[in-house]
Amino acid sequence: MQAILRGGNRVLISRSTNVYTNLALERYLAENIKHEDKTRLLILWRNKPCVVIGRYQNPFAESDVSYLAENQIDLARRYSGGGTCYHDLGNLNMTILTTRNDYNRKKNLQWVVNTLNQAYDLNLHITDRDDVFLDKYKVTGSASRLERLYAYHHFTLLINADLKYLRRTLKSPDQSNIQSKATMSVRSSVLNLSDRNPKITYEKTLELLIKSFLQWNNESNMSNYDYIDPLLYEEQIKNFESELKSEKFLFQGTPPFVYVIKIGAQTIEITVDNGIITDIKGNDSISENKLCRGQLFHSVHNQIQQLKTNDLSV
Amino acid sequence: MCQERYFTKKHEWIQLLDANKKSIEVRVGISDHAQRALGDVVYCELPSVGAKFKRDDTFATLESVKAVSDCYMPIDGEISDVNEKLKSEADLINKSPYENGWLIQAFINDKEKKNISSTLMTEKQYKQFLETNKEAGDH
């Protein structure tokens, strides 16, 4: 058990494809590893289909929450900032974990870009938002979390993900109804690396990045990488896992917002704080109205959607 | 009239507010160095009034340029007020880190008040600290 927490330049590859487990594992490692100055830990992971929102985002503004539920696509809120992304097995997640002082997003991305450009003959470049683009298409999104003793920078890499699903899940029917100060995603057109070069696969990329990472960090031992089965650390990560799966964290962790529905001349305004409806204006004329203060917004979301489509004069 | 500021190694500042009341109250924020390192703050999560924290506990979390960072209590205290303006104008932290961009106010006890000057850095010491800790070389 202790071996997994040693510091130094290392690579760990998660065997899990569950987004909550992987996010919990990432946080557990970040908080418990004995980080050493000037060393980096690379965690490689991927998830079965899911949507991941940033720490201070509104899931309803960023994705089609009903569609996700109907199609058993997990919805997760991560601990780092940034925007919303869709993950599936064709998307590789990378986390670079260091001491707080050694945190450097640009260096991390430079390493990835150089490695991929060289191996696959591509022309990737880094934007000032710390995204990686191929021509005008985004292939990587970054986010970070900085704590007292450690910092991590994690980013996605679209290798051969299902872009149809990506677009469908990230299309929010509520986006124009929500007014809030939550962090908004900055949307871009995306592309899979394999669309540009069909020889690029997940397995090849994994192998390539492991080798390149160890070389970058002057590790002579090329087999200094381990597969990690998070099930073996169930006890250690279960608290984080529970938090990540909880409705409280997912929905009630949303910054305050007002949900506005305009039907003809009528406007209904629903104020939501900590995921709970605290005020409703303009709904007196709705006969079939079941909304009231104190309800959890996410529990009545479907009814609210119906209000948008039903004829109010019934 | 406010008193001088003291600084932590994690770039928070603390300032004693004038004691007209029975209790000792302080104001806490982050330094100009910290706000520049963060970049534009887009969201600020503040604690509730009444919440109690120990020194080094996370009392607030900021999001800037896709990075979420915690702010740590310089000393033990109980939250007496939070800067409500930050809810709609989180970037006040960047524009005015020492004045309008303050984060919280807290009640502290006498022992903690003494701890401020004995365990934290004066503005001058903080400036020196920044000088000697400038980003070291490459790796």
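In this predicted model, 19 residues of chain B are in contact with 29 residues of chain A. Putting the two chains together buries about 2100 Å², and carbon and sulfur atoms give 45% of that area.

**Where chain B meets chain A**

- Two salt bridges are counted between chain B and chain A.
- In one salt bridge, A:Arg145 pairs with B:Asp70, and their closest N and O atoms are 3.3 Å apart.
- There are also 11 residue pairs in polar contact across the interface of chain B and chain A, with both residues at pLDDT 80 or more.
- Which strands of chain B give two or more residues to the side that touches chain A? They are strand 4 (41-45), strand 6 (58-64) and strand 7 (67-72) of chain B.
- Strand 7 of chain B provides the largest share of that side, with five residues.

- About 1000 Å² is buried between domain 1 and domain 2 of chain A, with 51% of it coming from carbon and sulfur atoms.
- On the domain 1 side, A:Phe60, A:Asn177 and A:Gln179 lose the most area to domain 2, together 45% of what that side buries.
- How many salt bridges are counted between domain 1 and domain 2 of chain A? The count is one.
- A:Asp174 and A:Lys308 form a salt bridge, with 3.2 Å between the closest N and O atoms.
- Polar contacts turn up here too: 10 residue pairs across the interface of domain 1 and domain 2 of chain A, both residues at pLDDT 80 or more.

**A closer look at A:Gln179**

- A:Gln179 lies in strand 12 of chain A.
- Leaving out residues up to four places away in sequence, A:Gln179 touches A:Phe257, A:Val258 and A:Val260.
- A:Gln179 and A:Asp121 are 58 residues apart in sequence, and their C-alpha atoms are 44 Å apart in space.

**The three-stranded sheet in chain A**

- Three strands of chain A make an open, antiparallel sheet in the order 7-8-9.
- Strand 7 (124-126) and strand 9 (137-140) of chain A are at the edges with a single partner strand each, so one side of each has no neighbour in the sheet.
- On average, neighbouring strands of this sheet are turned by 40° against each other, direction ignored.
- Three bridges link strand 8 (residues 132-134) to strand 9 of chain A, and A:Phe133 has A:Lys138 in strand 9 as its bridge partner.
- Helix 4 (residues 105-120) of chain A lies across strands 7, 8 and 9 of chain A, at about 170° to strand 7.

**The seven-stranded sheet in chain B**

- Chain B has an open, antiparallel sheet of seven strands, ordered 5-8-9-3-2-1-10.
- Why does this sheet leave one side of strand 5 (52-53) and one side of strand 10 (121-122) of chain B without a neighbour? These strands stand at the edges, so each has a single partner strand.
- Strand 5 of chain B is joined to strand 8 (residues 77-82) of chain B by two bridges, and B:Lys52 has B:Glu78 as its bridge partner.
- Helix 3 (residues 110-119) of chain B lies across several strands of chain B, including strand 9 (104-108), to which helix 3 runs at about 115°.

- Seven bridges join strand 14 (residues 257-263) to strand 15 (residues 266-273) of chain A, running antiparallel.
- One bridge partner pair here is A:Tyr259 and A:Ile270.
- This hairpin has two residues between the strands, and A:Gly264 takes a positive phi near 60°.
- Strand 15 is also joined to strand 16 (residues 276-281) of chain A, by five bridges, again antiparallel.
- A:Glu269 has A:Lys281 in strand 16 as its bridge partner.
- The hairpin of strands 15 and 16 of chain A has two residues between the strands as well, and there A:Asn274 takes a positive phi near 55°.

Methods. Residues are numbered from 1 along each chain as its sequence is written. Chains are lettered from A and ligands numbered from 1 in the order in which they are written. This is a predicted model: local features need pLDDT of at least 70, side-chain atom pairs count only at pLDDT 80 or more; totals for chains, interfaces and linings use all residues. Side-chain values use heavy atoms; hydrogens and water are left out. Two strands pair if DSSP finds at least two bridges between them. Helices (H or I, at least four residues) and strands (E, at least two) are DSSP runs, numbered from the N terminus. Axes are lines fitted to C-alpha atoms, for helices over the stretch in contact, and angles run from 0 to 180 degrees between N-to-C directions. Contact means heavy atoms within 4.5 Å. Buried area is the accessible area (1.4 Å probe) that two parts lose on being put together, summed over both. A salt bridge is a side-chain nitrogen of Lys or Arg within 4 Å of a carboxyl oxygen of Asp or Glu. A polar contact is a pair of N or O atoms within 3.5 Å; within protein, one must be able to donate a hydrogen and the other to accept it, and residues adjacent in sequence count only if both atoms are side-chain atoms.
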